[in-house]
Amino acid sequence: MATIPTLTLRDGEVVPRLGMGTWHMGERAANRAAEVEALRLGLDNGMNLVDTAEMYGDGGAESVVGEAIHGWRDGIFLVSKFYPHHASRRKLIAACDGSLAQLGGETIDLYLLHWRGTVALEETVSTLEELVRIGKIQRWGVSNFDVADMEELVGVPGGDRCAANQVLYNLAHRGPEFDLLPWCAARGIEVMAYSPLDEGRLPRHPALLTVAQRLGVPAAEVALAWLLHDARVAVIPKASDPGHVRANRAAADLRLDAEALAALERAFPPPRRKKPLEVI
Ligand SMILES: NC(=O)c1ccc[n+]([C@@H]2O[C@H](COP(=O)([O-])OP(=O)(O)OC[C@H]3O[C@@H](n4cnc5c(N)ncnc54)[C@H](OP(=O)(O)O)[C@@H]3O)[C@@H](O)[C@H]2O)c1
């Protein structure tokens with residue numbers, strides 16, 4: 001098994017490009033043990049980037065992550081997100097404390113504004129910078145920001161210290177390739193592709209199944225390998241099923257040949273013009 005590919009953030013931190021999402025985890029007590037096990041299986045296999053949010057299961061997903069990484073803290077890159085309505089100075093510090101309590105840790109590696117709200121970016125950025133200064137987070141970023149939002153962000157004091165933008169990006173949603181991906185790459189801002197399996201729909205897509213069948217691998221593996229093909233992108237599939245975790249991990253070892261890439265290009269054509277960023 002090859003090691004998980006990495007990318008280097010602007011501040012020199014080396015981050016795995018294949019990690020794990022946690023949306024819909026922590027919603028049902030009956031699923032908790034299986035969710036903890038799935039995350040541990042991924043960690044055992046080097047998928048050391050874990051993405052969560054205060055929104056997921058109302059703190060439940062952060063708590064599942066906290067249990068899964070207990071005793072594992074070193075070497076794990078932990079990402080969490082705060083609600084836009086917690087983006088003011090007064091509420092953000094409390095939200096961060098709430099996330100740290102659920103996660104059972106002292107710091108969050110990357111803390112993201114989940115989507116853009118009504119609080120002025122200046123206020124959010126200055127509070128995030130303060131959270132960095134006091135060590136509660138290591139760095140910060142945004143999610144669901146299109147190019148115009150990013151332009152505005154880097155225009156506010158400290159906004160150019162944004163480390164990452166997490167966006168909907170997969171074979172069925174290639175819009176970011178037109179402008180957002182190159183924009184972020186030019187500034188050293190990491191792009192994290194969320195819903196890389198299109199929330200579980202892509203592994204059932206006929207075109208993907210045809211390519212996967214020829215290669216003798218699960219279709220999900222092909223979808224993730226295609227995203228990993230671009231060294232600028234990190235990918236965070238969510239899986240509670242251990243078989244799914246193993247297939248997703250295997251994507252890091254799959255090299256798509258020219259025939260596979262051409263077939264995917266035909267079935268999922270790249271954007272030819274600007275498309276507003278799609279969100280879930
Ligand atoms: N920033 C944002 O606004 C935002 C929005 C959406 C998502 N996210 C983040 O991105 C993560 C991933 O996105 P997502 O959860 O929306 O969707 P996803 O990762 O594209 O798909 C998850 C679904 O695919 C299934 N699956 C996983 N691996 C599979 C495999 N190898 N074969 C077949 N099916 C497989 C999962 O089933 P099982 O669970 O049963 O294994 C689950 O139903 C989230 O969990 C979250 O952390 C962020």
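Where is the place of serine 195? Before answering, I note that the model is a predicted one. I find serine 195 in the loop between β8 (190-194) and α7.

**Entry on backbone angles.** I looked up phi for serine 195 and read a positive value of about 45°, although serine 195 is not a glycine. I wrote this down because most residues other than glycine have a negative phi. Serine 195 has a relative accessibility of 13%, so I record serine 195 as buried, the cut-off for that word being under 20%. I then turned to histidine 24, which is not a glycine either and has a positive phi of about 75°. Histidine 24 is found in the loop between β2 (14-16) and α1 (32-44), and I list histidine 24 as partly exposed because its relative accessibility is 41%.

**Entry on the largest pocket.** I next asked which residues lie nearest the centre of the largest pocket. For the volume of the largest pocket I noted about 700 Å³. Sorted by class, its lining holds 16 nonpolar, 12 polar and 6 charged residues. Helix α9 (residues 242-250) gives the largest share of this lining, with 3 residues.

**Entry on the second largest pocket.** The second largest pocket has a volume of about 170 Å³. I went through its lining and found, among others, Leu9, Arg10 and Asp11, together with Gln138, Arg139 and Trp140, and also Asp160, Arg161 and Ala163. The classes here are 4 nonpolar, 1 polar and 6 charged residues.

**Entry on a helix pair.** How do helix α7 and helix α10 pack, and at what angle? I noted an angle of about 170° between α7 (residues 206-215) and α10 (residues 258-267), with their axes 10 Å apart. I therefore call α7 roughly antiparallel to α10, since angles over 145 degrees count as such. On the side of α7 the contact is made by Ala207, Leu208, Val211, Arg214 and Leu215, and on the side of α10 by Glu259, Ala260, Ala263, Leu264 and Ala267.

How values were computed:
Residues numbered from 1 in each chain as written. Predicted model: local features only at pLDDT ≥ 70, side-chain atom pairs only at ≥ 80, totals over all residues. Heavy atoms only, no water. 1 Å grid on protein atoms, 1.4 Å probe; cavity = no way out; pocket = protein on both sides within 12 Å on 5 of 7 lines; lining within 4 Å. Points joined across faces, edges and corners; volume = space filled by probe spheres on them. Helix = DSSP H or I, 4+ residues; strand = E, 2+ residues; numbered from the N terminus. Nonpolar A, V, L, I, M, F, W, Y, C, P; charged D, E, K, R; others polar. Axes fitted to C-alpha atoms, helices over the stretch in contact; angles between N-to-C directions. Parallel < 35°, antiparallel > 145°, perpendicular 65-115°, else oblique. Contact = heavy atoms within 4.5 Å. Buried < 20%, exposed > 50% of the residue type's maximum accessible area, 1.4 Å probe, protein only.
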